[in-house]
Amino acid sequence: MYIVVSIAILVTMVLALIRALMGPSVYDRVLAVNVFGTKTVLLLSVIAFLYGRPDFLDLALAYALINMVGILAVLEFFQNRSRRNSSIKDD
Amino acid sequence: MIFIFAVFLLTMLVITAVAIVRAEDLFVAVMLTSIFSLLMAANFFILDAADVALTEAAVGAGVTTVIFLCALSLTGDREKPRQGPRWVAIGTVGVLALLIIYATFDKPRLGDPDAPVHQHIAPWYIEKTTEYMDFPNVVTAILSSFRGYDTLGEVLVVFAACIGVLFILGVSPPRKTQQVTTKNSGLRHHLIPQVVGRLLIPFIVLFGLYVQFHGEYGPGGGFQAGAIIATGVILYALLEGEANALRAIPRGVLLGMVVGGALLFGGVGVVCMLMGGAFLEYSVLTADPVFGQQLGILIIEAGVGMAVCGALLSIFHAFAARESLS
Amino acid sequence: MNLLELLGYFNYWVFAIILTIGLYAIIIKTNLIKKLIGLSIFQSAVFLMYITMDKVEGGTAPIIQAGVEDQIFSNPLPQVLILTAIVVGVSTLALGLAMVVRISECYDTIEENEILDAD
Amino acid sequence: MIDLVLDVLSWILLILGASCVLIGGIGGLRLPNFYTRLHAASLTDTMGTILIFVGMMLQAGLSLATLKLFAIMLFLLLTGPTATYALANAALLSGLKPDAGDASDKPKGNTPE
């Protein structure tokens, strides 16, 4: 039964990957990366149960905590970039 | 069963790698790199390498992306298209790929228990860990005791790389020197990310400490813990601005952590020699050899954690300070 | 050779393909940051090969569970080598990026051919 | 008896969660523009996460694993919507207009990329 769940998650990961590759805007890609990260956390938790070693949930916990840092860094970089571009236009 | 996962994950890995190389916007390439890292960690996990997957998670999700983005904002994020023929390179790497694939048919198949790798010294390590150290994580035992020389070398490499980055980026840039603008961080105005981020930072650091000191019993250890704590501090720097993070943990403290961690590792080895053992032979540290091993491993893991955390944060601050200068 | 056995080699094939993709990026890309990304892909491929070798059929991660007898463990040695290599990889990548940043400050470009032209 | 009920309940929750995740994934691919895709992502981020984790908690029983699962669920529920909010905010500020009448993929105005 865990296999059904994990395959559903894997298929969703494939769909998110397609969205990340297609774009079209950068925000779509960031959204896809975010969805991909969440799905990885789910997949790792399900696999930990599937393998019968629930003590490996540490890994999913690490991703659940850290994933947001990457997304926030990307957004901040992106805002700085658009601000820099607009200031160049203003000059 | 493992093959279902392997086929899915590895196919996605190849597609992502191709997309990274083809992406002309370097920013997109960096984002795809973070997907690549997630897939790699999931792969490591299904191949029974929980410790490695935790390391990839701790490093790939936060630190790598942030360092890449800092470098991109300093250099420019557009790749110029290349003119000229590329079939020579494609042909060369294609032939190389076919050669390697041909060579893999000589390798033992995946999961073969009779493969030469599993015959040599690994069974001895697994057998003796309980006897010598009396804790369950064999990976930590090998990392810090059986192959402690290796780990000392790796810590020194991290140390040297950190010093190298500081040497290269620490000097003032050739142009636009005295223009220190008080750049306000982009996320400062957003209330919700700031509140949630502030809430998360203590948990990240707490989880890092748990990984550090639980490393003998579950997946974890100094390398992972250092990276996780560094990620927590980087999150603080993103939310509150880099200068505030530097005020909270000054550069001197970070450098002290790097140097102190490496020295702690080497110092334990020297103490072992002074007490009559070999270099990094922790058994002589106390009267009970098992407890001596445990104590030595605890101390050197703390040293590794300090060194890695300090090195990653110093590198981040070196890039970020450069960014606010230019 | 049946299908399952062929699939057992799949990890090694993916290793070969990713390795060559990384190598291709290092050879043909003129952008220095793209070269470094290619280098990190190359590095990940090597990690994948080592971790593939450590898997033992029916095994579990080498963390001994209390009260469970006769467990097969995967090989811990490649895991130790790769665990340290990942952290070292990040710090050396940062060193490379620092050099690229300095190059871009001195030459105003990070395209290899333009740098060669400027010299 | 109670074990059987818990078992069946957890499987139902897991299957429901899996379908939520799948529907969200398909929506993320098929919906026409960025802001509608955000909705699909929020479905997988919240509903799928809650259902799958509650299902696994029922399977794990009272143990350390349940506590960890609860922590993971809590952090996912905190970080996922925050990241989505920050993303939507950044997109809005950069000039990507949420236009309900127009179902096109093309961003309007001077959007970067």
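1. Let me start with a working term: a salt bridge here is a side-chain nitrogen of Lys or Arg within 4 Å of a carboxyl oxygen of Asp or Glu. By that rule, D:Lys68 pairs with A:Asp58, with the closest N and O atoms 2.9 Å apart. D:Lys68 sits in helix α3 of chain D and A:Asp58 in helix α3 (residues 57-90) of chain A, so this pair joins two chains. Helices in this note (H or I, at least four residues) and strands (E, at least two) are DSSP runs, numbered from the N terminus. Both D:Lys68 and A:Asp58 are buried, where buried means under 20% relative accessible area, exposed over 50%, and partly exposed in between (1.4 Å probe, protein chains only).

2. A word on what you are looking at: this is a predicted model, in which local features need pLDDT of at least 70 and side-chain atom pairs count only at pLDDT 80 or more, while totals for chains, interfaces and linings use all residues. Residues are numbered from 1 along each chain as its sequence is written, chains are lettered from A and ligands numbered from 1 in the order in which they are written, and side-chain values use heavy atoms, with hydrogens and water left out.

3. Back to charges. Side chains of opposite charge can pair when their charged atoms come close. Over all chains, the structure holds 9 salt bridges. One of them links B:Arg198 to B:Glu240, the closest N and O atoms being 2.9 Å apart. That pair ties distant parts of the chain together, since B:Arg198 is in helix α8 and B:Glu240 in helix α9 (residues 222-240) of chain B, 42 residues apart. B:Arg198 counts as partly exposed at 47% relative accessibility, whereas B:Glu240 counts as buried at 13%. There is also a network in which B:Arg322, C:Arg102 and C:Glu105 are joined by salt bridges that share partners.

4. Another pair to look at is B:Arg147 with B:Asp150, where the closest N and O atoms are 3.1 Å apart. B:Arg147 is partly exposed, with a relative accessible area of 27%, and B:Asp150 is partly exposed at 34%.

5. How do α8 of chain B and α3 of chain D cross? Their axes come within 11 Å and cross at roughly 145°; axes are lines fitted to C-alpha atoms, for helices over the stretch in contact, and angles run from 0 to 180 degrees between N-to-C directions. The crossing of α8(B) past α3(D) is left-handed, meaning that the near helix is turned anticlockwise from the far one by less than a right angle (clockwise would be right-handed). Among the residues that meet here are B:Leu199, B:Leu200 and B:Phe203 from α8(B), and D:Lys68, D:Phe75, D:Thr79 and D:Tyr85 from α3(D). Contact means heavy atoms within 4.5 Å.

6. D:Thr79 deserves a click of its own. This residue of helix α3 in chain D is buried, with a relative accessible area of 6%. Apart from neighbours within four places in sequence, D:Thr79 is in contact with A:Ala64, A:Met68 and B:Leu200.

7. B:Leu191, B:Ile192, B:Val195 and D:Tyr85 make a nonpolar surface patch of about 360 Å². Patches are made of residues with over 30% relative accessible area and no salt bridge, with like charges joined within 9 Å and nonpolar side chains (Val, Leu, Ile, Met, Phe, Trp, Tyr) within 5 Å. Areas come from the Shrake-Rupley method with a 1.4 Å probe, and for residues only the protein chains shown count as cover. Helix α8 (residues 191-213) of chain B gives the most to this patch, with 3 residues. D:Tyr85, from helix α3 (residues 64-93) of chain D, is partly exposed at 31%.

8. On chain D as a whole: the pattern along the sequence is α-α-α, with 3 helices and 0 strands. Buried residues make up 48% of its 113 residues. Chain D exposes about 5600 Å², of which carbon and sulfur atoms supply 73%.

9. Which pair of chains has the most contacts? Among the 5 pairs that touch, it is chains B and C. No contact joins chains C and D, whose closest C-alpha atoms lie 15 Å apart.

10. Finally, two backbone angles to check. Most residues other than glycine have a negative phi. B:Leu280, however, has a positive phi near 65°; this residue lies in the loop between α11 (251-274) and α12 (289-325) of chain B and is buried at 5% relative accessibility. C:Asp108 also has a positive phi, near 65°, in the loop between α4 (76-107) and α5 (112-118) of chain C, but is exposed, with a relative accessible area of 62%.
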